[in-house]
Amino acid sequence: MPAQLIDGKAISAKVREEVAADVRHLIDTTGVEPHLVAVLVGDDPASAIYVRGKQKACEKAGIRSTLHRLPAETTQQQLTDLVQQLNADATVHGILVQLPLPDQIDPVAIIDAVAPEKDVDCFHPENVGLMVQGRPRFLPCTPHGCQRLLIESDVETSGKHAVVLGRSEIVGKPMALLLMQRGLAADATVTVCHSRTRDLAEQVRQADILVAAIGRPKFVTADMVKPGAVVIDVGINRVDDGIVGDVDFEPVREIASAITPVPGGVGPMTIAVLLQNTLKAARLLAE
Ligand code: GUN
């Protein structure tokens with residue numbers, strides 16, 4: 001029997017409705033209108049599409065959204081100045097600098113420059129530290145989006161073996177942390193695999209829950225998946241015939257018990273958590 005499809009679009013719509021209701025309540029009770037500012041540097045078409053998606057979702061949830069588009073030649077100083085101006089602007093609750101940035105800009109210095117209280121990506125070291133200690137201010141958008149998919153799909157993770165494929169700062173590393181912590185969609189025994197992992201296929205085959213986030217099209221083949229595993233595919237890879245994930249979807253679907261499609265799986269959840277974080281940032285300011 002093919003795997004159950006985990007419908008990220010539907011689950012994200014549910015989360016976004018929850019956020020919209022909470023936004024209305026916040027505005028009614030405090031007059032504070034949550035406001036996200038996105039900063040897009042250069043003209044990477046994929047980044048422009050992502051940012052547009054984030055803005056549209058904000059507007060639908062009643063969150064004010066502003067976009068700053070800067071040219072590809074923007075300097076480190078110019079971007080830092082803009083971030084500092086947004087930090088100081090009390091009408092701005094969330095700041096999102098879309099990555100990747102052009103080569104002349106050091107992304108770490110920009111991440112450090114964002115006020116931690118407005119860091120709705122949860123990239124700032126203060127927020128990463130709080131998350132590591134299990135007392136998060138914000139939750140990282142894509143990893144927590146994956147957790148919510150597991151929760152809404154009634155996937156038991158406690159005591160299970162979760163394998164995270166990829167160790168990026170944005171997805172793999174925080175995903176492993178969230179899965180090993182105490183709580184919902186957590187309490188798992190976690191293995192992280194990456195480009196230097198020996199016997200990678202054998203490691204991946206041990207997974208009850210597999211999160212694929214390595215950015216290589218159709219990397220996870222059916223022979224690497226344990227029968228009945230739950231497969232979360234974070235990959236968004238542009239290939240000649242469209243967009244594919246990190247998982248070879250059709251054959252793996254025959255083996256797994258549940259699987260996320262690409263598109264329509266994790267992607268919409270990243271945006272839904274971004275809205276939750278923006279609402280939280282506005283609430284913190286309203287306190
Ligand atoms: N680029 C790819 N994913 C993300 C994300 O979640 N946030 C930001 N700021 N940039 C990204």
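## Two cis peptide bonds

In this predicted model, Pro 100 sits in the loop that runs between strand β4 (94-97) and helix α4 (107-113). The peptide bond that joins Leu 99 to Pro 100 is cis, and its omega is about 0°.

A cis peptide bond also joins Val 262 and Pro 263, where omega is about -5°. Pro 263 is likewise a loop residue, placed between β11 (258-259) and α10 (266-286).

## Two residues with positive phi

Cys 122 is a residue other than glycine, yet its phi has a positive value, near 60°. Cys 122 belongs to the loop between α4 and α5 (125-132). Because a residue is buried once 20 or more other C-beta atoms lie within 10 Å of its own, Cys 122, with 25 C-beta neighbours inside 10 Å, counts as buried.

A positive phi, near 60°, is also found at Asp 187, again a residue other than glycine. Asp 187 is located in the loop that lies between α7 (172-180) and β6 (189-193). Asp 187 has 16 C-beta neighbours inside 10 Å and therefore counts as partly exposed, since that class holds the residues between the buried limit of 20 or more and the exposed limit of 12 or fewer.

## Two domains

The domain assignment of the protein gives domain 1 as residues 32-116 and domain 2 as residues 141-267. Between the C-alpha centres of domain 1 and domain 2 there is a distance of 28 Å.

## The surroundings of the ligand

The shell around the ligand includes Leu 96, Val 97, Gln 98 and Leu 99, together with Asp 121, Cys 141, Thr 142, Ile 170 and Thr 270. Leu 99, one of these residues around the ligand, is also the residue joined to Pro 100 by a cis peptide bond. Strand β4 and helix α6 (141-152) each supply at least two residues of the shell.

Where does the ligand lie in relation to domain 1 and domain 2? Both domain 1 (32-116) and domain 2 (141-267) give residues to the shell around the ligand, so the ligand lies between them.

Methods
Residues are numbered from 1 along each chain as its sequence is written. This is a predicted model: local features need pLDDT of at least 70, side-chain atom pairs count only at pLDDT 80 or more; totals for chains, interfaces and linings use all residues. Domain bounds come from an automatic or database domain assignment. Helices (H or I, at least four residues) and strands (E, at least two) are DSSP runs, numbered from the N terminus. A residue is near a molecule or strand if its C-beta atom, placed from the backbone, lies within 6 Å of it.
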